[in-house]
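Look at the model first, then read the points below.

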Amino acid sequence: MDDYLDIANSSYFYLWGGIILLVIMVQAVLFIRLAWKEGKRIGLTGKRMLQGLRAGMVAAVIPSISIVIALIAMSGSLGIPFPWIRLSVIGSAPYELIAAGIGAASMGVKSLGGEGYNQYVFANSAWVMTIGAMWSGLIVFFFLKKIKKQYAKIEKKDPNWMKIITLAAFFGVVCIFLPQPIVAGGVPLITTVTGAVLMIICALLIKKFEIKWLREFALPFSMVGAMASAVIFTRILA
């Protein structure tokens, strides 16, 4: 196959995506079943539990908007099934895009789906996305108890330190990937700045005017705005 997208969108990937999604759905049903039994045990009525189930389903839909947007953004360069599999299991929108880009850059390709992006580069992006994400689950599985003990010690000394450590780790990761679009300039820089400005505006609106519902929509708004700016400035520069 000359076009790697023929492989990325093949029935083989759709088959595995369907199997993985089925496993996730079975897990969800089992968790709901266990929660229902526990609710009955502690004396909750069926009506009360149905209300909680509906509230949980509604609350789960809103954060998924950014995931759907990321899937649409990734489907053009990585096909539909693989991003669908990744985002349905453990991946997050920012991580998947960054990891796929690293996989491409390590093979000398500047952008996802760009010039030189073939089936081998696609495979490398897929491996980087998969291997990079597995370590968080393994660390939690093997070291969660030890990590929680250390966190508890830190919180006893000063609760604010936990917030500082978490934010520092997050910004450290983000700052690793900021230099590339800044150095590249042009549309990548404009897209990054637009997304950042929109996120800052959302944060100010949430804090200043206490618009709580905006917390769930801040990331989707920023992503859509950044993508829209990329389209606008691409047409202008073209």
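Leaving aside neighbours within four places in sequence, S229 is in contact with I190, T191 and T194; contact means heavy atoms within 4.5 Å. This is a predicted model: local features need pLDDT of at least 70, side-chain atom pairs count only at pLDDT 80 or more, and totals for chains, interfaces and linings use all residues. Residues are numbered from 1 along each chain as its sequence is written, and side-chain values use heavy atoms, without hydrogens and water.

**The setting of S229**
- S229 lies in helix α11 (residues 214–237). Helices are DSSP runs of H or I, at least four residues long, numbered from the N terminus.
- S229 is buried, at 6% relative accessible area. Buried means under 20%, exposed over 50%, and partly exposed in between (1.4 Å probe, protein chains only).

**Aromatic pairs**
- Rings of Phe, Tyr and Trp (its six-membered ring) pair if their centres lie within 6.5 Å; planes under 30 degrees apart count as stacked, over 60 as edge-to-face and the rest as tilted.
- By this rule there are 11 aromatic pairs.
- F82 and F122 form an edge-to-face pair, with 6.3 Å centre to centre and 75 degrees between the planes.
- F82 lies in helix α5 (residues 81–89) and F122 in helix α7 (residues 119–157), so the pair ties together parts that are 40 residues apart in sequence.
- F82 is buried at 8% relative accessibility, and F122 is buried at 4%.
- F142 and F143 form a tilted pair, with 6.4 Å centre to centre and 55 degrees between the planes.
- F142 is exposed at 56%, while F143 is partly exposed at 42%.

**The ring cluster**
- Ring pairs link Y4, Y12, F13, W16, F82, Y117 and F122 into a cluster.

Note on methods
Helix = DSSP H or I, 4+ residues; strand = E, 2+ residues; numbered from the N terminus.
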